[in-house]
Amino acid sequence: MTATKNLLLMPGDGIGPEVMAQARRVLDWLQENKRASFNIEEELVGGASIDVHGVPLTDAALAKAKAADAVLFGAVGGPKWDNVPFNIRPEVGILKLRGEMQLFANLRPAKVFDALADASSLKPELVRGLDIMIVREATGGIYFGEPRGIETLPDGTQRGINTEVYTTHEIQRVGRVAFELARKREGRVCSVEKGNVMESGLLWRQVIAKLQAEEYPDVKLSNMYADNCAMQLARNPKQFDVIVTSNLFGDLLSDLAAMLTGSLGLLPSATLGAKDAAGHIPSLYEPIHGSAPDIAGMGKANPLAQVLSLAMMLRYSFDMGADADAVEAAVERVLAKAGRTPDIAAPGRAVISTAEMGDALIAELSRVS
Ligand code: NAD
């Protein structure tokens with residue numbers, strides 16, 4: 001067993017605490033079975049933090065997140081906080097964490113579990129076995145570039161401005177994340193931009209090519225324009241291994257890829273920062289879904305996206321690949337055999353609660369290990 005890991009859990013609002021409770025059972029199982037040792041702390045975030053502290057993220061919670069080996073995050077938001085001032089709304093909690101921890105690489109896997117191939121919007125044969133990873137640059141590009149704003153022109157009409165801007169350094173650091181990931185997967189990276197019409201895209205292509213030649217000659221690199229990539233994702237998604245792209249294109253393409261998998265309740269994600277001098281990589285793992293206020297407190301939430309976020313944490317922050325495999329295999333078996341939460345209900349399969357899905361998962365975890 002490796003050294004004790006310092007873990008911060010931030011369940012948040014709505015179904016966040018419900019799905020986090022099931023992830024916590026997996027952490028307990030790993031400890032009870034002597035596969036890992038965790039020092040686990042918990043902090044409020046989002047609306048839950050507003051209710052107690054008046055802000056969605058306290059300085060103390062932020063400091064703990066920065067100091068932790070990894071943060072496992074649930075979800076924030078809900079109608080209860082619709083009328084709080086814009087600058088302290090629940091979502092500011094997660095935005096501030098991403099910004100302050102400088103989490104520049106957003107990892108969004110799109111993996112289709114065999115038992116759910118029929119739930120995809122594409123034909124089952126196109127998505128069965130699909131396993132791709134989209135690496136989206138998350139702190140630069142057009143969402144942050146200057147100048148930005150809405151200005152009034154002399155004739156009284158207005159002009160909205162946003163600026164796509166990337167530096168060599170920003171492209172290199174997200175490129176390295178993609179190449180490193182590819183080394184742990186099938187060894188292929190597809191870099192996506194629009195260098196045919198955007199100078200920032202041209203620079204992106206050149207920097208990625210140089211990086212591959214100098215540091216990752218063992219990884220196969222291809223390039224694709226973003227519009228073609230969208231078409232290829234819908235036409236033949238299995239051609240990809242790792243896709244690396246900008247903030248804007250990654251936003252769109254990762255949502256498209258997510259839908260190929262069929263269910264929001266099954267999609268994990270990670271955001272990673274830069275390695276510091278001590279070798280520590282700030283990292284935050286969270287499901288793609290939000291706080292689902294419409295089903296909060298009803299025991300209907302699917303906990304698997306949260307559990308799969310935990311599996312990503314084991315693999316990428318703690319190098320516990322075998323344990324991540326075990327958790328993912330248990331999820332696969334639950335989907336194949338057990339009852340299902342309402343979001344992925346299927347004919348002939350019992351509808352079960354969040355906690356019952358957790359029970360099934362723990363039972364399978366003991367079988368696959
Ligand atoms: P949502 O993802 O919360 O819900 C969309 C739909 O999917 C709902 O019908 C919901 O019931 C269902 N759903 C989501 N997760 C599910 C799960 N695990 N199991 C079963 N069904 C699930 O998105 P929304 O309704 O647009 O947003 C609700 C709140 O969440 C808003 O306040 C929004 O700002 C917030 N939000 C937060 C995050 C985050 O914390 N990172 C992300 C997205 C949305």
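Tutor: A residue counts as near a molecule if one of its heavy atoms lies within 4 Å of it. Please bear in mind that this is a predicted model.

Student: Of the 20 residues around the ligand, which come nearest?

Tutor: The shell around the ligand divides into nine nonpolar, seven polar and four charged residues. Of the 20 residues around the ligand, those that come nearest are Glu-91, Gly-290, Ala-292, Asp-294 and Asn-302.

Student: What is the distance from an oxygen atom of the ligand to a polar backbone atom of Gly-290?

Tutor: Polar contacts are pairs of N or O atoms within 3.5 Å. A nitrogen atom of the ligand lies 3.3 Å from an N or O atom in the His-289 side chain, and an oxygen atom of the ligand lies 2.9 Å from a polar backbone atom of Val-76. For the polar backbone atom of Gly-290, the distance to a ligand oxygen atom is 2.7 Å.

Student: How much of the ligand's accessible area does the protein cover?

Tutor: On its own, the ligand has 810 Å² of accessible area. The part of this area that the protein covers is 66%.

Student: Is Asn-83 buried or exposed?

Tutor: Asn-83 is found in the loop between strand 3 (70–75) and helix 4 (91–100). Its relative accessible area is 79%. Because exposed means over 50%, Asn-83 is exposed.

Methods: Residues numbered from 1 in each chain as written. Predicted model: local features only at pLDDT ≥ 70, side-chain atom pairs only at ≥ 80, totals over all residues. Heavy atoms only, no water. Polar contact = N/O pair within 3.5 Å; in protein donor to acceptor, adjacent residues only side chain to side chain. Areas by Shrake-Rupley, 256 points an atom, 1.4 Å probe, with all protein chains shown as cover. Nonpolar A, V, L, I, M, F, W, Y, C, P; charged D, E, K, R; others polar. Helix = DSSP H or I, 4+ residues; strand = E, 2+ residues; numbered from the N terminus. Buried < 20%, exposed > 50% of the residue type's maximum accessible area, 1.4 Å probe, protein only.
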